[in-house]
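Here's a quick tour of a model you can follow on screen. Keep the viewer open and click along as we go.

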Amino acid sequence: YTLLHACSLISYVTRFTEEIFSAMISLIEIVAAGTNIVNVFLGPTTIGAKLWSLLIVSLTYILAVKFRELRTSDLLNASLRQQLSNYGVSIVIISLTILSSLVTPVFGILDVKYLNVPTVIQPTWVDPLTGTVRPWIVKAFGYAKPFPPWAIFLMALPAVGGTLLGYLDQNLTEVLVNRKDRMF
């Protein structure tokens with residue numbers, strides 16, 4: 001895209017397209033968050049873990065909003081307010097994660113679900129025949145049996161679609177984030 005200066009094409013996107021894209025991103029994030037919260041309450045966890053999760057979710061939201069509102073307040077100096085409001089969500093998430101990992105063992109709440117982080121960074125596909133992990137460089141012509149050359153050309157159409165989707169996602173998100181009337 002840089003070679004062809006294709007990013008300049010994003011200037012032809014209308015405000016309506018930006019609003020639709022913004023609504024889709026918001027809906028996806030809200031549904032994902034809501035699904036995770038519902039799964040905590042429907043899962044086989046203790047009531048303590050459920051209440052703790054509800055408390056952490058509520059605190060995360062409230063504190064993130066308060067950090068955002070800090071930008072327009074009279075507390076602290078302007079540059080510190082700006083930095084705290086810019087990084088408020090990250091500060092809240094990191095702080096509450098540390099708090100949760102320290103407090104839950106003290107109260108005996110041991111079944112709180114945390115994000116699963118792998119211990120090793122490696123590709124996730126394991127060859128079912130040999131049990132070995134796929135190498136980082138993917139073989140274009142297949143692993144267990146030869147991949148037909150005509151199928152590589154057939155995959156060009158979905159690849160173009162995926163490339164366009166990635167382009168629109170990156171550039172529309174940048175336009176939305178950097179728009180002056182979007183600043184809180």
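In which helix is the place of Leu176? Leu176 sits in helix α6, which covers residues 156-178.

## What you're looking at

This is a predicted model, where local features need pLDDT of at least 70 and side-chain atom pairs count only at pLDDT 80 or more, while totals for chains, interfaces and linings use all residues. Residues are numbered from 1 along each chain as its sequence is written, and side-chain values use heavy atoms, with hydrogens and water left out.

The chain has 6 helices and 0 strands, so reading along the sequence gives α-α-α-α-α-α. Helices here are DSSP runs of H or I with at least four residues, strands are E runs of at least two, and numbering starts from the N terminus.

## The chain as a whole

Of the 184 residues, 18% count as buried. Buried means under 20% relative accessible area, exposed means over 50%, and partly exposed is in between, using a 1.4 Å probe and protein chains only. The chain exposes about 14,400 Å², with carbon and sulfur atoms supplying 72% of that; the areas come from the Shrake-Rupley method with a 1.4 Å probe.

Take the contacts (heavy atoms within 4.5 Å) between residues at least 6 apart in sequence: 55% of them join residues at least 24 apart. Back to Leu176 for a moment: Leu176 is buried, because its relative accessible area is 11%. Leu176 and Phe21 are 155 residues apart in sequence, yet their C-alpha atoms are 9.1 Å apart in space.

## The largest pocket

Rolling a probe the size of a water molecule over the atoms shows where empty space is left. The largest pocket here has a volume of about 930 Å³. A pocket is an open set of points on a 1 Å grid over the protein atoms alone, where a 1.4 Å probe fits and protein lies on both sides within 12 Å along at least five of seven lines; lining residues have an atom within 4 Å of a point. The volume is the space filled by probe spheres set on the points. Of the 24 lining residues, the closest to the centre are Asn36, Ser53, Ile56, Val57 and Lys113.

The elements giving two or more residues to the lining are α1 (15-42), α2 (47-69) and α4 (88-107), and α2 has the largest share with 7 residues. By type, the lining splits into 16 nonpolar, 7 polar and 1 charged; Ala, Val, Leu, Ile, Met, Phe, Trp, Tyr, Cys and Pro count as nonpolar, Asp, Glu, Lys and Arg as charged, and the others, Gly among them, as polar.

Why does Ser53 count as buried? Ser53 counts as buried because its relative accessibility is 16%. Ser53 is found in helix α2 and touches Val40 and Val112, leaving out residues up to four places away in sequence.

## The nonpolar core

The largest nonpolar core has 8 residues: Ala49, Trp52, Ile56, Val92, Leu96, Val103, Ile109 and Val112. Such a core is a set of buried Ala, Val, Leu, Ile, Met, Phe, Trp, Tyr and Cys residues joined through side-chain atoms within 4.5 Å. Helices α2 and α4 are the elements that give two or more residues to this core. Setting aside neighbours within four places in sequence, Trp52 is in contact with Ser100, Val103, Thr104, Ile109 and Val112.

## Two more stops

Ser101 lies in helix α4 and is partly exposed, at 40% relative accessible area. The C-alpha atoms of Ser101 and Val112 are separated by 9.2 Å.

Leu76 lies in the loop between α2 and α3 (78-86), and its phi is near 60 degrees, a positive value in a residue other than glycine. Most residues other than glycine have a negative phi.
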